Amino acid sequence: MKHITCIEDLRQLHKRRVPKAFFDYADRGSYTEDTLRANSADLQQIKFRQRILVDVSKRSLSTTILGEPSAMPLILAPVGLLGMQHGDGEIYACRAAQAAGIPFTQSTMSICSIEDIAAAVDKPFWFQLYVMKDRGFIKSLIERAIAAKCSALVLTVDLQVIGQRHQDIKNGMTVPPEWSLSKLIDFATKPAWVSGVLQGKRRTFGNIAGHVKGTEDLTKLSEWTASQFDTSLNWKDIDWIRSIWPGKLILKGILDVEDAELAAKTGAQAIVVSNHGGRQLDGAPSSIEVLPEIADAVGSQIEIMFDGGIRTGMDMMRALALGAKSCMIGRAYAYGLGAGGQEGVAKAIDILAKELTTTMGLCGVNTIAEIDDHVLAV
Ligand SMILES: Cc1cc2nc3c(=O)[nH]c(=O)nc-3n(C[C@H](O)[C@H](O)[C@H](O)COP(=O)(O)O)c2cc1C
Ligand SMILES: CCCCC(=O)C(=O)O
């Protein structure tokens, strides 16, 4: 990892080490990918105000997230199928986050189960929930997250309907996978990845397989999962979830001021301003475009988290300046995981931390609390 200097280096290494279907699953977005591109492009257009001769010798990244101390304003976002980027990927990503002193969020669509991760780490992690039609299963999943002592529930609210990712279809990214000669050759040329995955605890959705009748069978698991995303989900369901989940609740996937205002009334502790990393509503604004108006409207009532397009510590600084209290990253750490397991995720976090602390220094800022739109050039 010595010559890795930026997230793009991790991305390139991920691309070389992991079969194409899984790299593309992580890397790509929905339909024309306009929103995917806008996320990063809009962040990069925001310019900083350089300040000089300010004593920046006491810079610190430490902050609080939902009232808990955190080493920096960064959270590993829920990313499905991490265990296919690297065997036991969820466990390694969680360990890297915990070693760095920041939260890790486990996706409902993980390869490792909640229990697998809980047994492998010694601090609480967050759990992300997709509400499925089978509410009995969802209730049991929330109860499993409680039993595993998960410290926050991230309810994703932007995937009732699934945005098509063309590349996944072209790659036969299905469960069970579609096999072709080129795919077999691709796998055969990635022996380290294959052996890592074979050594991993599981190769299917660990939270679902076997916990729902019949889903031990791969084809049935895939059919069941695909049929379960609940298009009827609505604001009333939040009350039901709150009646089962007693802890901190975060609503992830908000892009509209009116929705942010409704979210603030639910009693949730935080929202994530997010377009799901450009994987859902193609043509939606970039997350950074809508962040300032949402922060203005509800920032005093509810904690604001941000994701979408963050590839540098400079991007983190931009989001913090425009009203986010913390940032989530998805791809930036998934690339690290594919590139080098736990060490790769640690590298991704370290790259962002160093870039953020340098940017703060050059903008004349010592603490996260000081970062606001004064650090931006107008
Ligand atoms: C491969 C991949 C899988 C994802 N799976 C989930 C998921 O299971 N649940 C969820 O709420 N968000 C999921 N997301 C969205 C991320 O949590 C996050 O919103 C997004 O990645 C942020 O954009 P970024 O990748 O540009 O940082 C996924 C994102 C990626 C890249
Ligand atoms: C059906 C999608 C599940 C994982 C996910 O949220 C994503 O790939 O973005």
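Helix 2 (20–27) and helix 16 (331–362) cross in the left-handed sense, a crossing being left-handed if the near helix is turned anticlockwise from the far one by less than a right angle, and right-handed if clockwise. Helices here are DSSP runs of H or I with at least four residues, strands are runs of E with at least two, and both are numbered from the N terminus. This is a predicted model, in which local features need pLDDT of at least 70 and side-chain atom pairs count only at pLDDT 80 or more, while totals for chains, interfaces and linings use all residues. Residues are numbered from 1 along each chain as its sequence is written, and chains are lettered from A and ligands numbered from 1 in the order in which they are written.

Helix 2 and helix 16 pack at an angle of about 160°, with their axes 10 Å apart, which makes helix 2 roughly antiparallel to helix 16. Axes are lines fitted to C-alpha atoms, for helices over the stretch in contact, and angles run from 0 to 180 degrees between N-to-C directions; those under 35 degrees count as roughly parallel, over 145 as roughly antiparallel, 65 to 115 as roughly perpendicular and the rest as oblique. From helix 2, F23, A26 and D27 meet R331, A334 and G338 of helix 16, where contact requires C-beta atoms, placed from the backbone, within 7 Å.

Helix 16 also meets helix 15 (residues 313–321), the two axes coming within 7 Å and crossing at roughly 60°, and the two helices are therefore oblique to each other. This second crossing, of helix 15 with helix 16, is right-handed. On the side of helix 15 the contact involves G313, M314, M316 and M317, and on the side of helix 16 it includes L352, A353 and K354.

Both helix 2 and helix 16 supply at least two residues of the shell around ligand 1, and helix 16 gives the most, with three. In total 25 residues surround ligand 1, the closest being A77, G80, S107, G277 and G330, if a residue is counted as near when its C-beta atom, placed from the backbone, lies within 6 Å. G80 is also found around ligand 2, together with M109, L159, I162, H276 and R279.

Turning to the strands, eight of them form an open sheet in the order 3-10-9-8-7-6-5-4, with parallel pairing, two strands being paired if DSSP finds at least two bridges between them. Strand 3 (74–76) and strand 4 (105–106) are the edges, each pairing on one side only. Within the sheet, strand 8 (residues 270–273) and strand 9 (residues 303–306) are joined by four bridges, and V272 has M305 in strand 9 as its bridge partner.

Methods: Contact = placed C-beta atoms within 7 Å.
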